Amino acid sequence: MPAGRAQQPIEIILLRQWASYIAIPTWIVDTNGDLIYYNEPAESILGAKFEDMGPINSAELARRFVTTAEDGSPIRAEELPIVVAVNECRPDHLRIRILGLDGASRLINVSAFPIEGQSGRHLGAVAMFWEVPDE
Amino acid sequence: MKVTLWGTRGSLGSAGAQTAEYGGDTSAVEVRGNDDSLLVLDAGSGVRRLGEGAAGLARVDVLLTHLHMDHVQGLGFFGPLFDPEVETHLWGPASATSTLHERITRYLSPPLFPIPLRDLPRVEIHDVAPGPFTVGEFTVEADLVCHPGGTLGYRLTHDGSTLAYLPDHEPALGVRDFPRESAWTSGFDLASGADLLIHDAQYTESEYEDHVGWGHSSMDHAIAFARLAGVGRLVSFHHDPGHSDQMLEELASEIRRREDLPFEFVPGKEGTTFHLD
């Protein structure tokens with residue numbers, strides 16, 4: 001949440017509402033990288049409902065959702081598309097493996113891009129992902 | 001702060017016998033400070049008559065929420081704009097692709113208007129980004145709100161009184177169970193705790209079902225938003241051009257009969273003045 005505000009920026013509000021309607025797993029972070037929303041399709045990959053989890057700060061996110069490279073080797077947080085989008089304000093795409101809160105490991109393609117508002121306002125980032133079959 | 005409504009109609013002016021009481025001019029609101037400074041909210045057709053009361057002023061500020069025709073069509077008939085003795089400042093939403101000057105010029109230029117903007121004597125144009133700024137004795141907070149295109153709402157503070165102006169606003173868009181929590185409600189920061197909220201209330205509930213995504217509120221949504229924001233008084237605004245005086249009276253009566261409101265509800269009529277102390 002931007003400092004001094006009780007309300008999310010309108011772009012983030014509309015993004016959340018849009019995400020709540022679509023069938024593509026989507027999650028949204030703020031400028032600190034804190035998770036502020038993920039939609040229902042994302043729940044099957046992440047292994048928990050957002051309404052049960054609530055917002056999660058970035059440090060806790062890394063602890064709860066363990067991610068590795070496709071082959072299972074370690075991956076630095078800075079390499080994750082959503083982190084690139086937040087920190088470097090550019091789109092990114094990667095195939096990664098994520099361990100959901102249900103204990104299941106899933107291979108996913110992730111595309112993330114920054115949310116840039118009018119007047120040069122950096123507002124956060126959105127990631128859309130989908131599960132790919134494990135070979 | 002003295003607030004006077006000069007145009008309360010939305011989308012299209014609707015003069016006629018059936019709208020004489022609430023008025024047919026489109027959005028224009030006059031705000032006066034202690035030193036009689038003039039701040040104008042939007043320049044719909046109602047701004048023409050508003051401008052007649054601006055004689056003798058050295059400076060006028062016009063805050064535009066957006067550039068849809070019903071909010072700017074009065075600009076070409078706003079007297080101070082043509083008076084070389086008056087410094088007129090136009091404020092409006094910034095854009096990532098063109099300046100406010102360029103966008104206003106699309107209207108104030110042939111073929112839409114015979115006198116180009118560049119010929120007006122003393123006009124300064126300001127692109128407004130979300131955030132606070134000062135206009136004379138007023139502190140203004142601008143923020144983007146849910147309405148197609150880049151649309152601002154404004155919060156004016158003066159001597160401890162607060163006016164929130166959200167004439168075109170659809171806070172319930174995409175929200176299945178409106179209202180949700182305040183953090184996820186468009187316009188909340190602007191309206192929170194305002195003494196006076198002027199808010200879009202264009203549609204009935206049934207009309208809104210056919211106009212989802214058009215950028216406007218139903219009366220019920222406006223009521224719910226005002227309740228969430230904890231305002232002192234709600235003025236319904238941007239009346240649909242097809243709503244007669246009789247219909248607006250009936251809608252207001254139904255609201256008052258049906259709702260236990262924690263704030264005063266005033267259906268917006270041209271000529272109404274509010275004194276905020």
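Biologist: How do the residues lining the largest pocket divide into nonpolar, polar and charged?

Modeller: This is a predicted model, and in it the lining of the largest pocket splits into 20 nonpolar, 5 polar and 1 charged.

Biologist: What volume does the largest pocket have?

Modeller: The volume is about 460 Å³. There are 26 lining residues, and those closest to the centre of the pocket are Trp27(A), Leu61(A), Leu80(A), Ile82(A) and Val83(A).

Biologist: Which elements give two or more residues to that lining?

Modeller: In chain A they are strand E1 (26–29), helix H2 (40–46), helix H4 (58–64), helix H5 (81–88), strand E4 (92–99), strand E5 (105–117) and strand E6 (121–131).

Biologist: And which one gives the largest share?

Modeller: H5(A), with 5 residues.

Biologist: Which residues of chain B lose the most area to chain A?

Modeller: Leu144(B), Trp184(B) and Asp189(B), which together account for 36% of what the chain B side buries.

Biologist: How many salt bridges does the rule find across that interface?

Modeller: It finds 0 salt bridges between chain B and chain A. Over all chains the count comes to 28.

Biologist: What distance goes with the Glu78(A) and Arg76(A) salt bridge?

Modeller: N to O, 3.6 Å. Glu78(A) is partly exposed, because its relative accessible area is 46%.

Biologist: And in chain B, which partner does Arg48(B) have?

Modeller: Glu52(B), with a side-chain salt bridge at 3.3 Å, N to O. Both sit in helix H1 (residues 47–52) of chain B, 4 residues apart, so about one helical turn separates Arg48(B) from Glu52(B).

Biologist: Where do the two ends of the Arg227(B) and Glu259(B) pair lie?

Modeller: Arg227(B) and Glu259(B) form a salt bridge whose closest N and O atoms are 2.9 Å apart. The pair links distant parts of the chain, 32 residues apart: Arg227(B) is in helix H6 (residues 219–229) of chain B, and Glu259(B) is in the loop between helix H7 (245–258) and strand E13 (264–267) of chain B. Arg227(B) is partly exposed at 36% relative accessible area, and Glu259(B), at 22%, counts as partly exposed.

Biologist: Which residues are joined into one network with that pair?

Modeller: Salt bridges with shared partners join Asp220(B), Arg227(B), Glu254(B), Arg258(B) and Glu259(B).

Biologist: Backbone next. Which residues does a cis peptide bond join?

Modeller: One joins Pro110(B) and Pro111(B), with omega about 5°. Pro111(B) lies in the loop between H3 and E6 of chain B. Another joins Phe178(B) and Pro179(B), with omega about 0°, and Pro179(B) is in the loop between strand E10 (161–166) and helix H4 (188–191) of chain B.

Biologist: What is phi of Asp159(B), and of His238(B)?

Modeller: Phi of Asp159(B) is near 50° and phi of His238(B) is near 60°. Asp159(B) is in the loop between strand E9 (152–158) and E10 of chain B, while His238(B) is in the loop between strand E12 (233–237) and H7 of chain B.

Biologist: Buried or exposed?

Modeller: Asp159(B) counts as exposed at 61% relative accessibility. His238(B) is buried, with a relative accessible area of 0%.

Conventions: Residues numbered from 1 in each chain as written. Chains lettered and ligands numbered in written order. Predicted model: local features only at pLDDT ≥ 70, side-chain atom pairs only at ≥ 80, totals over all residues. Heavy atoms only, no water. 1 Å grid on protein atoms, 1.4 Å probe; cavity = no way out; pocket = protein on both sides within 12 Å on 5 of 7 lines; lining within 4 Å. Points joined across faces, edges and corners; volume = space filled by probe spheres on them. Nonpolar A, V, L, I, M, F, W, Y, C, P; charged D, E, K, R; others polar. Buried area = accessible area lost by both parts, 1.4 Å probe. Salt bridge = Lys/Arg side-chain N within 4 Å of Asp/Glu carboxyl O. Buried < 20%, exposed > 50% of the residue type's maximum accessible area, 1.4 Å probe, protein only.
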